Amino acid sequence: MTGGTDGHAEDHGRVYQSRGDQHITEHHHYGGDGPEHGGPDSVRRPAVGRAPVALRDRSEVMERLRASVEAERGGQVYVLYGMGGSGKTAVACALFQEVTRERRRVGLWVNASDRASLRAGMLAVAADRGAGDGELLAARNGLRPAADLVWTYLDRSAEPWLLVLDNTDEPEILRDGDWLRTSPGGTVLVTTRRAAARWWPGAELQYIGVLPREDAALVLRDLAPHSGTTEQAARVADRLGRLPLALTLAGGFLSHQVIDPWTMDAYGDQLDGDERVQLIDRGADALSEADPRHLVGLTWQLTLDAFEVRGLPEAATLLRLLARFAAEPLPLTLLNHTDIGAVLSRARTETALRALLDQSLSELVDAAGARCVQSHGILLDSVAAATPTDLVPALDTTAVRLLDAAVPAVPDAGPHDPRLRLLVPHALALLGHIGGSSAADALAVATRLSVALHRTGDYLSAWETARTAADLAQRLLGADHRTVLAARSRAGRALFRLGRYAEAEAALRAVRDAQERLFGAGDTDTTDSGYGLQLVMANLGRREESVALLRDTIAGRCSTLGPTHPLTLRARASLLEMLPAAEVVTEEGGTLLTLPSECDRSLGPDHTVTLGARHNHAWALYLLGRFGEADREIRRVAETYVRRFGPEYPIVLAARQLLSRTRAALGHVAEGIELMTDVVARRERDLGPEHPFTVASRQLLEEYRSGRWRPPQPPGGLSSGSGP
């Protein structure tokens, strides 16, 4: 829907269209010789500035409103609420034009944005309905209650009417004079940004939000039909958040370019820049719009100014803080943390949020099982652009700390948690506009978030998060910054899990070389990249390189972290999987096979590193031909994994694959086939049929079924192969 204006100015020609259910054309022209403001005729036309070229998508809302103004009905109050620029006034205007043309109702339009306009407009309504000059003069001079006069004549009206109270963003002024009432003679329609039901007792509330994608694209095509295809318009509409006011301004801009016309694609490319709000508002020049309500960069400033007047400066502060994040659902838990006190009293955060919700600047949504707050992207961009520069450092620091508190301090393996993914767009948005002093901290949080996603098995999100975060931060920190390299290392680790081995090898090798050059071979970041690289080498069949890297990692971690640190124990446990059976029994002076007990003593039996050590220990026992011991150990590990992580988790499937081997080695081939059939099905569903892990699992299943599979021979003729 175009014409997302909630203000007033001179009228222009109008063409309204509602998809599928109405087609109305009406032209007006009013010049300077029209009735004076407040005269009887001034309320007979909508004071809406430039009316919409087309009304899109609002057919359901219009049907409900039409039903409310049927001639035999009256006494209702309907409230259209939503954020600035959502087109509430345009819906009201469309209804007004329809009922006055086709349903023979009297239409009465009052600008209720302030006390003076409301009072003048309502007295004009009384005059229109027959109030005499003496009565009006007495009301104007305070000699009789003005609202009583107005509603007396509305009640007496011989004709049914529709009264629109437009831009009622301060409902307090309606209460002050008891201006809002009901009458059997007609229907009242209010447009407002104030969403709280307490302001509208007995009224029916209707939310007016952004447009569906298809309709938003049609709005741009209505206004600028020669600038691009419907799909190109849809992509631009997405970048505009499908906000009617922004669509109107964009379409106006595109339609008025003469010397060097812009295409939809060219306009959309410019919207990706830092000054997209200024670009959108350039459309106001083409449409001759001067009212701040008709500019996306200013329409919400009216509300922020009102917060200051009403003694709610913390609401503006909270909105500025939200503007550091993305226009996506933000878990409310982020706002319920002591670190918010650096910019906003924690005790006043609830009040501030309620104010934003009340003004339709934000809304509460449920996402991934979490209660969240969400604000429109153009609103956040506008607020961010207008935030005083002296406030930005504190807001950036606070935003980083709040996000930091929401990400697990020590990410551990666990089942898929969709709530973690909610944090991704906010981490990336923060990096997209943060100052240099906080960039490293913000990147460290984003990298830890990538690790957390990785350890839930969400490898694609982990890769995208780490890669994008590194790209964003590199512009500020440089390619050789420690945190940038650490983020790229995590991206490489995720590529490995996605089965993209060649890319993973190239990424991890480049990062490790840079880290070794900058920080030394024993540095924790260098050894971490080396550990990831050895996993890739092992799965590429380059086992000697893998073992050499693994030994370097163990040596570096033992030196810097100590032999019993979880990361050191994890690397040592990997030797149980990587070494041939003959070497496992002699490694570390013959004590490597007792590593699970060492992990148990240091970390506890349920620690992920301990479970991983037992998993790898079972593999070593299997290679040694000790099938019964291997079977018992991997069965316990698999059962523990399933309890903790669920049946779909990647390491659960790896454990069940090893369990199928031990069952088959003990003569239970049918059971091994049953286990592997399930593993293959789950891996195909989760990783895809061409992932290397899926291919290896399918190959093992085929060997079982064909009878070609043989268990490993004990030392002396054993195999050194290791399944994924």
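Tutor: A cavity here is a set of points on a 1 Å grid over the protein atoms alone where a 1.4 Å probe fits but cannot get out, and its lining residues have an atom within 4 Å of a point. Its volume is the space filled by probe spheres set on the points, which are joined across faces, edges and corners. Keep in mind that this is a predicted model, where local features need pLDDT of at least 70 and side-chain atom pairs 80 or more, while totals for chains, interfaces and linings use all residues. Residues are numbered from 1 along each chain as its sequence is written, and side-chain values use heavy atoms, with hydrogens and water left out.

Let's go to the second largest cavity, at about 30 Å³. Around it you'll find R512, A521, T526, T527, G530, L549, D552 and T553. Two elements give two or more residues each to that lining: α23 (524-539) and α24 (543-560). Both are helices, meaning DSSP runs of H or I with at least four residues, numbered from the N terminus. By class, the lining has 2 nonpolar, 4 polar and 2 charged residues. Here Ala, Val, Leu, Ile, Met, Phe, Trp, Tyr, Cys and Pro are nonpolar, Asp, Glu, Lys and Arg are charged, and the others, Gly among them, are polar.

For context, there are 2 cavities of 30 Å³ or more. The largest holds about 60 Å³, and its lining has 6 nonpolar, 3 polar and 1 charged residues, including L322, F325, E328 and H426.

Methods: On a 1 Å grid over the protein atoms alone, a cavity is a set of points where a 1.4 Å probe fits but cannot get out, and a pocket is an open set with protein on both sides within 12 Å along at least five of seven lines; lining residues have an atom within 4 Å of a point.
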